[in-house]
Amino acid sequence: MPPHQLKQPIGPFALTRTLAWLRLCAIAGQSMAVMICSWWMRIDISALSLFLGIDLLAVFAVFAAWRISQPWPVREWETVCHVAADTLVLGYLLYFTGGASNPFITLLLVPIALSAAALSVRAVLSVAAIAGAAYIVLLLWYVPLPMNELMGTDHGYSLHVAGMGVNFAVTALLLGFFINRLANAVRMQQLEVQRVRERALRDEGILAIATQAAGAAHELNTPLSTMRTLLPELRREHASDSVLDDDLSLLEGQVERCRTILREMVAFGKTQLSQEPEQLTLQAFIHGVVERFQLLRPEAEFELSVPSELEPLVLRSPPGLRHALINLLNNAVDASAMRGSHSVTLEVRRAAPWLEWIVCDHGPGFYPVGGTASIGESGKLSGLGIGLALAEATAERLNGELTATNGETGAEMRLRLPLSAITE
């Protein structure tokens, strides 16, 4: 199926695909009906003409199957043309089998019912007009069935009633099955719209936070520059006070660290705008993540597990991936601290076509205990609550996923990214 058609679970393409399957069922059913009536029941019908119509429908079915596999979208008028072709062939078959007196004449209603679930009002009216015109023509012009001469006898009446029963069963089966498929497509589309809406609301919140952070970073630059200028002077003025000098030296280091963080925020923003990923080996990338994380959380007892064969792997590290991993590690340390531990584990695995980043802690885990949990249902009480949201947004942007489960020791966060998106 063309990729762009996957975004249209209901509409002309869905109906055209449904008609393609329905057409195959019709070819099989019509062929069987002609053979039964002509060879088993010995009814004098024009089998050659009927098989010619069925063959034409088979040729059109091949064309329709080729058409829906093409990349260009299926337009509504094209779907109406498919319905018109099916109606024309059905009318041709009914013409040689009694016309409107044939119990299967009500099959003309099936395209109308299917079109009503997937097309616009104008298209549905067009399909109804085509089916109505076919019905009127079959009322006036048709080849009578030989059994029509027997309609006054019990044999002819029983055949007509049996045909009506088969027609009812076929119509009910077709409408029930294919309309259910279209209804499922509608539900899937509604769920997708809901997911997109929730994602948009989350991204809007992240954008608002990012805007506030950018404003705060701009405002903080001035007081930090002032403190960076005054602290060396204070140290010179109180050089004789060793205790104060140590405190001022510590403050000076903290101010410099804040300036470094602000510069990294600006650099990250520029990288995000340029959308140019870094290119470095997996080993170098992880080393940068671990180094930054240990500066932020020096108390953490960090354990790293990376297969040696993955270390030379060249990553096209997209903006945000490093910060997503640091957020997951930072949350893991906070969760472990709730049980008096500082242990956290980062494991990297390759499970084609994915590269998995697994962060484990020694905390209370997620709720419900023992199963898969929704992100955000942890027992962690501290934090701003945006670390996991940012990590999940990064995963979705890279066509990956972030899942939360309960491991043997605590919570397990698994960030799965497609290799095609982050590797050379």
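Contact here means heavy atoms within 4.5 Å. Hello everyone, and keep that in mind for Leu282, which touches Val306, Leu310, Glu311, Leu313, Leu315, Val348 and Trp357, leaving aside residues up to four places away in sequence.

A quick word on what we are looking at. This is a predicted model, where local features need pLDDT of at least 70 and side-chain atom pairs count only at pLDDT 80 or more, while totals for chains, interfaces and linings use all residues. Residues are numbered from 1 along each chain as its sequence is written, and side-chain values use heavy atoms, with hydrogens and water left out.

Let's go to the core. A nonpolar core is a set of buried Ala, Val, Leu, Ile, Met, Phe, Trp, Tyr and Cys residues joined through side-chain atoms within 4.5 Å. Buried means under 20% relative accessible area, exposed means over 50%, and partly exposed is in between, using a 1.4 Å probe and protein chains only. The largest nonpolar core has 39 residues, and Leu282, Phe285, Trp357 and Leu415 touch the most other members. Among the elements that give two or more residues to this core are helices H8 (282-296) and H9 (321-337), and strands S5 (354-361), S7 (401-406) and S8 (411-418). Helices (H or I, at least four residues) and strands (E, at least two) are DSSP runs, numbered from the N terminus. H9 gives the most to this core, with eight residues. Apart from this core lies another, of 22 residues, including Leu108 and Val124.

Now please find S8. How many of its residues are buried? Eight of its eight, so to speak a mostly covered strand. In a regular strand the side chains alternate between the two faces of the sheet. In S8, Ala411, Met413, Leu415 and Leu417 point one way, Glu412, Arg414, Arg416 and Pro418 point the other way, and all are buried.

Which strands pair with S8? Two strands pair if DSSP finds at least two bridges between them. S5 runs antiparallel to S8, joined by seven bridges, and Trp354 has Pro418 as its bridge partner in S8. S7 also pairs with S8 in the antiparallel sense, over six bridges, with Leu402 partnered by Leu415. A hairpin of four residues joins S7 to S8.

Last stop, helix H1, residues 12-40. The expected span of a helix is 1.5 Å times one less than its number of residues. The 29 residues of H1 should therefore span 42 Å, and its end C-alpha atoms are 40 Å apart, which agrees. Just after H1, Arg42 takes a positive phi of about 60°.
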